Amino acid sequence: MNPPITVSITGAAGQIGYALLFRIASGAMFGPDQPVNLRLIEIEPGMKALQGVIMELDDCAFPLLNDIVATSDLDEGFKGANWALLVGSVPRKAGMERADLLNINGQIFTGQGKAIAANAADDVRVLVVGNPCNTNALIAMNNAEGVPNDRFFAMTRLDENRAKSQLAAKAGVHNRDVSNMCIWGNHSATQYPDFTNAKINGQPVSEVITDSGWLQGEFISTVQQRGAAIIAARGASSAASAANGVVDTVRSLTTPTAAGDWTSVAVCSDGSYGIDAGLIASMPIRVDAEGRWDIVPGVELDEFSRAKVDASVQELRDEREAVVSLLG
Ligand code: NAD
Ligand code: LMR
């Protein structure tokens with residue numbers, strides 16, 4: 001057995017936490033030979049519910065679950081963390097856009113960024129899920145002095161999975177037949193699910209789905225609005241699919257990407273694809289056999305795609321402007 005990996009999770013007693021912890025403890029995130037320590041972080045009012053979740057974790061008798069710590073102290077919570085999954089924050093309700101959460105949630109990520117820098121392991125990687133996740137990751141990154149920018153990620157994998165599922169259903173194929181699906185920009189209603197570079201069984205999507213009106217219209221808006229559609233249907237924001245997106249994101253960042261394919265995750269831009277350096281934007285990412293990630297170069301953006309990417313990047317600039325006082 002490998003030595004245990006330490007995973008800190010904020011908002012551990014929330015909806016996503018409830019769907020996520022059991023998957024991590026079962027080995028779905030790091031594989032069947034990798035023990036895990038869970039450091040579960042909640043605010044005081046969530047601590048009682050968290051104790052109940054821990055009772056349930058105990059009752060699973062997971063062979064890979066090595067240790068559990070529950071705390072509302074950030075220093076304690078991020079101690080030795082190899083992965084920090086920042087889920088804790090208020091979800092939006094019907095009628096809100098994710099950016100409406102900026103004032104409510106942004107502040108949380110200054111203290112968490114500082115506590116990660118002071119307490120986490122040298123190899124810490126940080127995945128922000130709490131919305132608006134790109135800009136919350138920007139805040140955490142800018143407050144985590146000494147932690148390299150390439151360790152910060154925000155989740156757009158749920159959007160990628162949604163997009164693959166929509167394309168597969170339209171083409172009458174399985175999800176696994178869809179590859180090279182990139183979400184560009186912000187995890188918001190401006191995100192661009194790039195069908196122009198996606199493939200179905202190795203063929204360009206537009207050769208398999210010839211209804212370009214659907215691709216340019218309903219497909220994009222369905223993916224952009226999927227979070228809101230789930231809130232409308234469930235009365236609460238996505239939780240199990242979000243937790244699955246977290247598992248997929250971490251697995252994709254810790255295992256080599258299939259040759260020629262890529263995955264979507266928001267990373268600190270280096271200026272690639274005309275996206276301002278320093279913004280946390282979703283792009284096509286690949287991971288090599290040593291576990292290093294880079295932005296896939298040379299993905300072509302036609303005029304239609306370029307305009308969509310630019311609109312989402314402009315929204316990220318506007319969000320950054322709105323939180324400039326939190327950037328340290
Ligand atoms: P939830 O309200 O069920 O749970 C959030 C939990 O966070 C609560 O238990 C709360 O007590 C805790 N919390 C709040 N502030 C905290 C803090 N400062 N430190 C630690 N814990 C804190 O919400 P949820 O449904 O689990 O969603 C969590 C977040 O994830 C929301 O912001 C939601 O919008 C976002 N989300 C993102 C994606 C994505 O794809 N990026 C998908 C789904 C949901
Ligand atoms: C989602 O995409 O389901 C989440 O970001 C929740 C939301 O507010 O849409």
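**Cysteines, annotated residues and aromatic pairs**

Reader: Is cysteine 60 buried, partly exposed or exposed?
Author: In this predicted model, cysteine 60 has a relative accessible area of 36%. Buried requires a value under 20% and exposed a value over 50%. Cysteine 60 is therefore partly exposed.

Reader: How many disulfides does the model contain?
Author: A disulfide is a covalent bond between the sulfur atoms of two cysteines. The criterion applied here is a pair of cysteine sulfur atoms within 2.5 Å. By this rule, the count of disulfides is zero.

Reader: Which cysteine has the sulfur nearest to that of cysteine 182?
Author: Cysteine 182 takes part in no disulfide. The nearest cysteine sulfur is 14 Å away, whereas a disulfide would need the two sulfur atoms within 2.5 Å. That nearest sulfur belongs to cysteine 133.

Reader: What is the relative accessible area of cysteine 182?
Author: A residue counts as buried under 20%. Cysteine 182 is buried, for its relative accessible area is 1%.

Reader: Which residue does UniProt list for "active site", and between which strands is this residue placed?
Author: The UniProt entry, which is unreviewed, lists His187 for "active site". Histidine 187 is in a loop. On either side of that loop are strand S8 (182–184) and strand S9 (192–194).

Reader: Is histidine 187 buried or exposed?
Author: The relative accessibility of histidine 187 is 8%. The limit for a buried residue is under 20%, so histidine 187 counts as buried.

Reader: With which side chain does the side chain of histidine 187 make a polar contact?
Author: Residues that histidine 187 touches, not counting those up to four places away in sequence, include Asn131, Cys133, Met155, Asp159 and Arg162. Arg98 is also among them. A polar contact from the side chain of histidine 187, at 3.3 Å, is made with the side chain of arginine 98.

Reader: Which backbone oxygen does the side chain of arginine 92 reach?
Author: Arginine 92 lies in the loop between strand S4 (83–86) and helix H4 (102–105). At 9% relative accessibility, arginine 92 counts as buried. Leaving aside neighbours within four places in sequence, its contacts include Arg98, Leu101 and Ile231. At 2.8 Å, the side chain of arginine 92 reaches the backbone oxygen of methionine 96.

Reader: What is the relative accessibility of arginine 98?
Author: Arginine 98 lies in the loop between S4 and H4. Beyond four places in sequence, residues touched by arginine 98 include Arg92, Asn131, Arg162 and His187. Arginine 98 counts as buried because its relative accessibility is 5%.

Reader: How many aromatic pairs are there, and at what angle are the ring planes of tyrosine 18 and phenylalanine 22?
Author: The count comes to seven aromatic pairs. One of these joins tyrosine 18 and phenylalanine 22, with ring centres 5.6 Å apart. Planes over 60 degrees apart count as edge-to-face; this pair is therefore edge-to-face, its planes being at 75°.

Reader: By about how much of helix H1 are tyrosine 18 and phenylalanine 22 separated?
Author: Tyrosine 18 is partly exposed at 42%, while phenylalanine 22 counts as buried at 17%. Because the two lie four residues apart in helix H1 (residues 15–26), their separation is about one helical turn.

Reader: How many residues apart are tyrosine 192 and phenylalanine 304?
Author: The rings of tyrosine 192 and phenylalanine 304 have centres 6.2 Å apart and planes at 70°, so the pair is edge-to-face. This pair links distant parts of the chain, with tyrosine 192 in strand S9 and phenylalanine 304 in helix H12 (residues 303–322), and the separation is 112 residues.

Reader: Which residues form one aromatic cluster with Tyr192 and Phe304?
Author: Tyrosine 192 is buried at 0%, whereas phenylalanine 304 is partly exposed at 25%. Tyr192 and Phe304 form one aromatic cluster together with Phe195, Trp214 and Phe219.

Conventions: Residues are numbered from 1 along each chain as its sequence is written. Chains are lettered from A and ligands numbered from 1 in the order in which they are written. This is a predicted model: local features need pLDDT of at least 70, side-chain atom pairs count only at pLDDT 80 or more; totals for chains, interfaces and linings use all residues. Side-chain values use heavy atoms; hydrogens and water are left out. UniProt positions are given in the numbering used here, feature names are shortened, and annotations may be inferred rather than shown by experiment. Buried means under 20% relative accessible area, exposed over 50%, partly exposed in between (1.4 Å probe, protein chains only). Contact means heavy atoms within 4.5 Å. A polar contact is a pair of N or O atoms within 3.5 Å; within protein, one must be able to donate a hydrogen and the other to accept it, and residues adjacent in sequence count only if both atoms are side-chain atoms. Rings of Phe, Tyr and Trp (its six-membered ring) pair if their centres lie within 6.5 Å; planes under 30 degrees apart count as stacked, over 60 as edge-to-face and the rest as tilted.
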